[in-house]
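This report covers side-chain contacts: the nonpolar core, the aromatic rings and the salt bridges.

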Amino acid sequence: MRRQQYLWSMCLLSATSVLWAQVQTRAHAAAFQSLIMIQASAEQHLRQLLPNDGRLIIVTADSLDTRLRLAACPQPLEAFLPSGANIGSRVTTGVRCTAGTQWTVYVPVSVESESPTLVLNKALARNAVVTHQDVDVKPQRIPGLANPYLKSVTELAGQRLKRDVPAGTVLGPGMFQPEVLVRRGQQVTVVATVSGIEVRTQAVALSDGSANSRIRVKNLNSAKVVEGLVDSNSMVRVDL
């Protein structure tokens, strides 16, 4: 009987100890600010500053050091961008408590966006013209908000690859160069507009030129050299 009473006493003492430890833990936690709330405040503030243009934007705060002990704030936390801060792929966002024991924490936050991009579905050689049959449109996770890749096949018009490109490559503007329409030494038609009257003459190109680029041409009759805009593979327009 005494042994039973002893065992019950020990069980009660153990349960009381566990309960007391839980109470102390909760009281201890209540005395300090939740780090998760600080991170969430930084993320929410940044989301409010980002453009709402239909893209998927991912905002993720870095985990704070679990050893950080800040007094629990008696009012909602205040998040802000430090003076001169720019929103890029990494942004430091301030979170502060302005009541009670005041404090400020700076939280590193990463920003990513998801945008449609053109992905080459087969290998192509240097100087190749890329068509809609050569690419697939796929979403791409990109650091920051600026999309450094091509998004539409319309952006491929008048462009040729600078180098060999393997299949699976996400296409960017730096991989292309304008297609040369007029070659040096090529005979072209020069169209000049004078007082509303269009005058045409023959000339020879003195350099290569892509669409809308400026090149010099030499009139075959007068040998006069003028500068004009490449309009097509056989025409240069000159304003007089």
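## Side-chain contacts in the model

Phenylalanine 80 is buried, with a relative accessible area of 13%. The model in which this residue is described is a predicted one.

The structure holds one aromatic pair. Its members are phenylalanine 80 and tyrosine 106, in an edge-to-face arrangement with 6.1 Å centre to centre and 80° between the planes. Phenylalanine 80 belongs to strand 2 (residues 78–80) and tyrosine 106 to strand 4 (residues 103–120), so the pair ties together parts that are 26 residues apart in sequence. Tyrosine 106 is partly exposed, at 48% relative accessibility, because only values under 20% count as buried and those over 50% as exposed. Phenylalanine 80 also has a charged neighbour: arginine 96 lies over the face of this ring, at 3.9 Å from the ring centre. In another such contact, arginine 69 lies over the face of phenylalanine 32, at 5.8 Å from the ring centre.

The largest nonpolar core has 20 residues, and Ile38, Val95, Trp103, Val107 and Val109 have the most contacts inside it. At least two residues of this core come from each of helix 2 (35–49), strand 1 (56–61), strand 3 (90–97) and strand 4. Strand 4 gives the largest share, five residues.

Valine 199 is placed in strand 10 (residues 197–205) and is partly exposed, with a relative accessible area of 43%.

The structure holds 14 salt bridges. Three of them are listed here.

| Salt bridge | N to O distance | Relative accessibility, Arg | Relative accessibility, Asp |
|---|---|---|---|
| Arginine 90 – aspartate 62 | 2.8 Å | arginine 90, 48% | aspartate 62, 27% |
| Arginine 183 – aspartate 208 | 3.8 Å | arginine 183, 49% | aspartate 208, 42% |
| Arginine 237 – aspartate 231 | 3.5 Å | arginine 237, 35% | aspartate 231, 42% |

The salt bridge between arginine 90 and aspartate 62 links distant parts of the chain, 28 residues apart: arginine 90 is in strand 3, and aspartate 62 is in the loop between strand 1 and strand 2.

The side chains of aspartate 208 and arginine 183 also meet in a salt bridge. Aspartate 208 is in the loop between strand 10 and strand 11 (209–210) and arginine 183 in the loop between strand 8 (180–182) and strand 9 (187–194), so this pair ties together parts that are 25 residues apart in sequence.

Arginine 237 and aspartate 231 form a salt bridge, and both residues belong to a network of salt bridges that also includes Glu198 and Arg200.

Terms used
Residues are numbered from 1 along each chain as its sequence is written. This is a predicted model: local features need pLDDT of at least 70, side-chain atom pairs count only at pLDDT 80 or more; totals for chains, interfaces and linings use all residues. Side-chain values use heavy atoms; hydrogens and water are left out. Rings of Phe, Tyr and Trp (its six-membered ring) pair if their centres lie within 6.5 Å; planes under 30 degrees apart count as stacked, over 60 as edge-to-face and the rest as tilted. Helices (H or I, at least four residues) and strands (E, at least two) are DSSP runs, numbered from the N terminus. Buried means under 20% relative accessible area, exposed over 50%, partly exposed in between (1.4 Å probe, protein chains only). A charge sits over a ring if NZ of Lys or CZ of Arg is within 6 Å of the ring centre and within 35 degrees of the ring normal. A nonpolar core is a set of buried Ala, Val, Leu, Ile, Met, Phe, Trp, Tyr and Cys residues joined through side-chain atoms within 4.5 Å. A salt bridge is a side-chain nitrogen of Lys or Arg within 4 Å of a carboxyl oxygen of Asp or Glu.
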